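Here's a quick briefing to read alongside the picture. Keep the sequence handy and follow along.

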Amino acid sequence: MVPLNKRISDENMLRYNGMLIGVFDLLADARTQIGSVNSYIETLRDFWIARGDLEMAMIGKPSLNASARATIAATGRADH
Amino acid sequence: MTTRRDFFKNLGMAGGAVAAASVSSVALAALPELVSMDNPDTASPLTPPNGRPYNPVVTLNGWTLPWRMNNGVKEFHLVAEPVVREIAPGMKAHLWGYNGQSPGPTIEVVEGDRVRIFVTNRLPEHTTIHWHGQRLPSGMDGVGGLNQKQIPVGKTFVYEFVARRPGTFMYHPHADEMTQMAMGMMGFWVTHPKERHPLIETVDRDFCFLLNAYDIDPGSYTPKVNTMLDFNLWTWNSRSFPGIDSLNVRKGDKVRIRIGNLTMTNHPMHLHGHEFVVSGTDGGPTPIGSRWPEVTTDVAVGQMRQLDFLADEEGDWAFHCHKSHHTMNAMGHDVPTMIGVDHRGVVKQITDLIPDYMVMGERGMADMGEMEMPIPDNTLPMMTGQGPYGAVEMGGMFSVLKVRRDQKPGDYRDPGWYKQPKNTQAYEWTGPVAAATRSHDAGKGAMRPAGKAQSQEVVVRKPGSHGQH
């Protein structure tokens, strides 16, 4: 999505140069692009949280020693 | 005129004949030779090699279709096919046309000629040809379904009639007409008078072109066929300025310009430096008593106008549609007006967001004509063109009539820019300019008495609240 939005922005810049769209369209597009970068970051975050949950579930019953439990609690993920 | 491309086309035809054994080779041999054009330049006038003589027309950025004389019948071969047309250098459009170009070739005949036209359909759908304005048998009028069966894909139909009345005509499909005309299918037809006609003056130069319009999104190639009014390319013979050739004439020439309108709106055609009369329409020559001098004449939708004038004023004279939006190339009709909006203050913030941003339009739009900025591929700048004194800032339906004393008769070549004689050009005044005297009189009649100047700001009532009533 992000490279696609970048391409759209580049093409919109060309359209602005040709007086085919106005500066407000350009700003709206910049906002869309910022939104798409933000949602990329959020989606990435969601992925890592989900993966952490998955890995925790895979580990199974918590019969861990105290130090491992502390690591999981602190980072939200089970390191290998 | 047979190009390499034609050679292969003809080869293709022959190959097809071999493959389809049911097509008799005699029938194929009976077809006139397929002549095709591979460039958008203005061809020299085609002096008639046979038949009654006449003074041929020059089709702007177009050409006249050669014919074959067969037992006294003029035989033409039109091929409806997809074409690539250069709208102006830097932009090519994927259109439908005839014999390699859009519009198709001009057909020139003489009043009283029997004409046979073979129409081969190489489009992906059926088609017909309607001979706009002609007197002919109803079955030759070309309205699909009404006058004839549509010409199916790959088939050839024959139209045959006598060109009964001299004048200016055009041809276009009458089958899926909206789509096929939006794709560029049309052509010019001139029937010359067989003898001196009291209402048709003999002229030295006779130009013709069709007005057409396309909606081609910036960066794309195929016109949007469903657009009805909001076109972005206003063209003459599917060419737009600076791609339209100039009309080059000799000083003292009697000049005729024939114009047909196949767009969806009217075009007030305006010639600088001369007065003309409308000497004919698609209904024939106009009576002398109905002619009056004009410098602009409106060519309405589906109409043709024939302008006659004496080119007796030397120079480079603009000739254009007077709807100023029609002398622009692709533009955004929804772009907000920024005149008077001083947004230099926010430029820094905008460039932080959009590094390539540049302020445009706050002092008018001439920036566009003067600066060359990267724009989408296969798109013509909204206003462009370079003249001898700077940017012409035009596009679309604009060309130049060049009147020169040393242009040789029969020479249609571009003589270059006009060299102004000394002291005949607008110049800069360098003396002082006094301030204008302003009247403070409010005026008469229904005007309010002047009284004290009121300073009033416009009160804007925003919608959304009903507190006032």
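How many helices and strands are there in chain B? Chain B has five helices and 23 strands, where helices (H or I, at least four residues) and strands (E, at least two) are DSSP runs numbered from the N terminus. This is a predicted model: local features need pLDDT of at least 70, side-chain atom pairs count only at pLDDT 80 or more, and totals for chains, interfaces and linings use all residues. Residues are numbered from 1 along each chain as its sequence is written, while chains are lettered from A and ligands numbered from 1 in the order in which they are written.

**Chain B overall**
- Of the 469 residues in chain B, 38% are buried (20 or more other C-beta atoms within 10 Å of a residue's own, with C-beta atoms placed from the backbone).
- Take the contacts in chain B (C-beta atoms, placed from the backbone, within 7 Å) between residues at least 6 apart in sequence: 73% join residues at least 24 apart.

**Strand β16 and its partners**
- Strands pair if DSSP finds at least two bridges between them.
- β16(B), residues 277-281, runs antiparallel to β19(B), residues 304-311, with four bridges joining them.
- Look for B:Gly280, which sits opposite B:Gln306 in β19(B).
- β16(B) also runs antiparallel to β17(B), residues 284-285, through two bridges.
- B:Thr281 has B:Gly284 of β17(B) as its bridge partner.
- A hairpin of two residues links β16(B) to β17(B).

**Where chain B meets chain A**
- 20 residues of chain B are in contact with 13 residues of chain A.
- On chain B's side, 17 are nonpolar, two polar and one charged (Ala, Val, Leu, Ile, Met, Phe, Trp, Tyr, Cys and Pro count as nonpolar, Asp, Glu, Lys and Arg as charged, and the others, Gly among them, as polar).

Terms used: Contact = placed C-beta atoms within 7 Å. Buried ≥ 20, exposed ≤ 12 C-beta atoms within 10 Å, placed from the backbone.
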